[in-house]
Amino acid sequence: MSTVQHLTADLFDDAVKNKVSLIDFWAEWCGPCRAFSPVLEEIATELPDDILVAKVNIDKDPELAAKFHIMSIPAIFILKDGKPVKNFIGVQPKEKVLQAVLNA
């Protein structure tokens, strides 16, 4: 069972290397982001501990948003060894995201 971590630019690269990661790019003012947050918490409880589940606040870390070319949020990225393998824009069903992470 994982828990959702909050990543900043200075921690990001080390946190995502050598593992599968689920990253939610979000902002406090974003209603759909707030709606997806409990879903992300549920997903985290269903994933094994070796999968990182994290959030990145694009207002506090705009360089990460630029690095991943974030144009709309929530933007949900699945990374493998730090490289994007799948992404979704907007609120997504829990099962869809879970399956994508487990298949990464």
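Okay, let's start at the disulfide: the torsion about the S-S bond of C30 and C33 is about 75°, so this one is right-handed. The sulfurs of C30 and C33 sit 2.4 Å apart, and a disulfide here means a pair of cysteine sulfur atoms within 2.5 Å. By that rule we get a count of one disulfide. Both cysteines, C30 and C33, are buried, where buried means under 20% relative accessible area, exposed is over 50%, and partly exposed is in between, with a 1.4 Å probe and protein chains only.

Quick housekeeping. This is a predicted model, so local features need pLDDT of at least 70 and side-chain atom pairs count only at pLDDT 80 or more, while totals for chains, interfaces and linings use all residues. Residues are numbered from 1 along each chain as its sequence is written, and side-chain values use heavy atoms, with hydrogens and water left out.

Now the sheet. Five strands make an open sheet, ordered β1-β3-β2-β4-β5, with mixed pairing. At the edges we have β1 (4-6) and β5 (83-89), each pairing on one side only. On average, neighbouring strands are turned by 25° against each other, direction ignored; the axes are lines fitted to C-alpha atoms, for helices over the stretch in contact, with angles from 0 to 180 degrees between N-to-C directions. Strands are DSSP runs of E, at least two residues, and helices are runs of H or I, at least four, numbered from the N terminus. Two strands pair if DSSP finds at least two bridges between them. Take β4, residues 75-80: six bridges join it to β5, and the two run antiparallel. A75, for instance, has I89 in β5 as its bridge partner.

So what about the aromatics? There are four aromatic pairs; rings of Phe, Tyr and Trp (its six-membered ring) pair if their centres lie within 6.5 Å, and planes under 30 degrees apart are stacked, over 60 edge-to-face, the rest tilted. One of them is F12 with F68: centres 5.6 Å apart, planes at 70°, so edge-to-face. F12 is in helix α1 (residues 9-16) and F68 in the loop between α3 (62-67) and β4, so this pair ties together parts 56 residues apart in sequence. Both F12 and F68 are buried.

Then F25 and F77: ring centres 5.6 Å apart and planes at 80°, so edge-to-face. F25 lies in β2 (residues 20-26) and F77 in β4, so the pair links parts 52 residues apart in sequence. F25 is buried at 0% relative accessible area, and F77, at 7%, counts as buried. F12, F25, F68 and F77 form one aromatic cluster.
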